[in-house]
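Student: I have a model open and want to learn how to read it. Where do we begin?

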Amino acid sequence: MNTTAAPLLDVAGLTLKIGGSGRTVVNDVSFQVFPGEIVGIVGESGSGKTLAARAVMGFIPPAVRLEGGTIRFDGQDVMAMSGKDLRAMRGSKVGMVFQEPMTSLNPSMLIGRQLDEGLALHRKLDAAQRRALILDMLKRVGLRDPEGALTAYPHQFSGGMRQRIMLASVMLLKPALLLADEPTTALDAVVQRDVMELMVELTQANHTAVLLISHDLGMVARYCSRIVVMCQGDVVEQGKAEDILARPQHPYTRKLLSAMPHRLPARLLPQAKTPIVAVRDLVVEYPGRQGFFRKEQAKRALHGISIDVQPGEVVAVVGGSGSGKTTLGQSIAGLVKPAGGEIRFNGKPIARSDAAYWDYRLNCQMVFQDPYSSLDPRMTIGQLVGEPLRLVPDLGPAQKKARVAEVLAEVGLSDGFAERYPHELSGGQRQRVAIARAIVRRPNFVIADEPVSALDVTVRAQVLELFDELQKKHGFSCLFISHDLGVVEQVADRVIVMQDGRIVEEGPRDDIFDNPQHPYTQKLLAAVPGLESTGEGGVRLFWRRAENDASIVG
Amino acid sequence: MSSDSTLGTGASVKKARRMKPPAPNAIVGGTLIGILLLAAGTGALWTPYDPLKLSFREKLAAPSALHWLGTDEFGRDVLSRLMAGAATSVWISILTVTLAVVMGTTIGLFSGYMRGWTDRIIMAFNDALLAFPGILLALGLLAVVGANKYGIIVALGIAYTPSVARVVRGTVLSLREREFIAASRVMGNSEGFTMARHILPNCIAPLTVLATSMFGYVLLAESALSFLGLGVPPPAPTWGNMLAGSRPYIGQAVWLGIFPGLCISLTLLGINLLGDAVRDRLDPRMRGSR
């Protein structure tokens, strides 16, 4: 990279404020992107990273006011551009890939037409030439049948394929700069890596610079040559990727790095005679659509799953989307009726007697993924946490109140939180409430379905720490469902890998992570880079599977 | 009914209300409805003249200091009759809306929560009822139950039930996929408790908006039925039968038609403005707090 050349994008002193309240959302932000370079902006939600990047395109939401600073693209001031020049720049010189592949393509337009739109607008080519270009590009992004794709609609493709198509439509115009706003966040780990790799390959081939916006430090560190770290509207640190990882200067960068999940030493659990929860040959089927005249075949989501969870053990279930891991959690929790199989609690089958069922019901609790939808918006925190106690026999109102206060203190929400409503709380606080609600009855078994996936990196670290603390204190067993291998590596005693409704591999955590046997486990592990602490606050990036290192050069 | 009492209760709503000044449509709508309620309340207890008292000496008198809005063909005071009519109309509308909301909510909750065949059968019946215009349905029902005050309430209440059922069912369907419903079931709560504790309270916002706008429709429908001679039988005054009665005299006593018509129009305007304001006020909160 030739850093002496003029920067392609030069943002200097950019300051954005919210019109009404005057709150500064982007404060004196300066960074540069040179031709052909990949620059990452990392930050948590509310850091202003998306706003700063969108300002480059001249997309500033109506409520946001430009206070100061300049954005120069290729020497031209973006803020001073006329509407016509701005439109000419968008698409043809600056492309953008969005986070959500499900909504960034127009669902009522054929893929061929959508890809043609930009070309027809910005390039003087005839229809046959455009078609040839489009076909060539679709082939390059890895579509098996480019001809067929031209006359297909977006809903006929999976999320990963749509993101490839989106990438194709942007790269068709060979822009000088590509803005990628969390391009792979909505995708599966395995697909994520493929799409990122494709993006890097395509942009390098066209000498396109990339501004990658992400909350995922591992991914940014992996693909970017330079990193800009943002926190609450400020750039706190920027520099070469290696330098930032190895020698972070700003406390916030250090906090971000230390928040990355890390493996803790393996625990020794006493082997009990009977597992607390034993699942035998669990089969779940989703009925097909039933119309008045036809009946579709039922879809089998789980093919005979058997799991034992020992007392005090944390068992992680990992797998891509569609692997059936969520269905497994829901059927064990009793939300989905299994078509076959048996669940035993403390050695007693729960389906056989009411007493065993209620024993299980009171002892099995669940923490859900989305803290925004798992709390009833019309109840206060105190009511929410106290609700499970309603079904506990022999507990007076005073005792209930004391228990709620105790549990809220345990999750760090003691000061007056009981009177508040969920919408007054942040995502991390809400998830603490959800955890408090799950443990208020002192259950023996907790199912956690992606409990930290919706949270920011540093909040996630705090919630995981809290969860770990509570688990040790109360000794409940846990079925921890997650797609995030980093998190699983930190919390799990034992790991179960699922694919297509079947268990493909299971074993102690260290065995699975260090010596995976099944190809799918190997693929999963290969998809996500790990970060390893080097001591003195820095980290080192490594791939979990050595044989992959040869195939990618960053 | 001021703008405040139509909103849901709870500290969060109070807080939201404190933060934002009322919108212009809330002020205008609230004022109009306030006047209506004041007139109806007063009209039920006291009117300047007896609304039923005939006085042939003063028949078809133009508005004057004595009779502010004039008198009708039997010399009855129009203002007194409008006030008494407001009391009748508002009372009928409130009872009708309550009836429709209670029946519709029960059906909608049941149907949305049960799903499957129960839902399909109830909704097929519901949709068949929705296919008829409300007023036509009410006309048919009135023929069965008889044209009097309570007949109107029953007929209009049944006619407006399907739309409430639809709205409640839709809300229930989206609510029951939310994780807090799953959380309630994992806790071991019964289906009935989950419905009452978690689903019903969350239906209040859309129901409030629907009930507000329905109040206006019912008032209009009641007037229309009375105009057609199927409403509250004379001599009891309602806005609809006053409007109907003014028709032969439109050339000589224009105030007979104008004032009841104006009352109906202004009330509908007020209701619609207020309904808009209530919806604007409730929507962002629902989105913000998710």
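Tutor: Start with pLDDT, the predictor's confidence in each residue, from 0 to 100. Contacts come next: two residues are in contact if their C-beta atoms, placed from the backbone, lie within 7 Å. This is a predicted model; local features need pLDDT of at least 70, side-chain atom pairs count only at pLDDT 80 or more, and totals for chains, interfaces and linings use all residues. Residues are numbered from 1 along each chain as its sequence is written, while chains are lettered from A and ligands numbered from 1 in the order in which they are written.

Student: Over which residues of chain B does pLDDT stay under 50?

Tutor: Residues 1-18 of chain B do; the model has 28 contacts for them beyond four places in sequence. Residues 284-290 of chain B are also below 50, with ten contacts beyond near neighbours in sequence. Chain B still averages 80, and 90% of its residues score at least 70.

Student: What ipTM and pTM does the predictor give the complex?

Tutor: The ipTM is 0.74 and the pTM is 0.77.

Student: How do I read a nonpolar core?

Tutor: It is a set of buried Ala, Val, Leu, Ile, Met, Phe, Trp, Tyr and Cys residues joined through C-beta atoms within 7 Å. Buried means 20 or more other C-beta atoms within 10 Å of a residue's own, again placed from the backbone. Here the largest core has 148 residues, and A:Ala316 and A:Phe480 have the most contacts inside it.

Student: Which residues does A:Ala316 contact, leaving aside neighbours within four places in sequence?

Tutor: Among them are A:Phe480, A:Val488 and A:Ile496. A second, separate core has 82 residues, including A:Leu143 and A:Tyr252.

Methods: A residue is buried if 20 or more other C-beta atoms lie within 10 Å of its own, exposed if 12 or fewer, and partly exposed in between; C-beta atoms are placed from the backbone.
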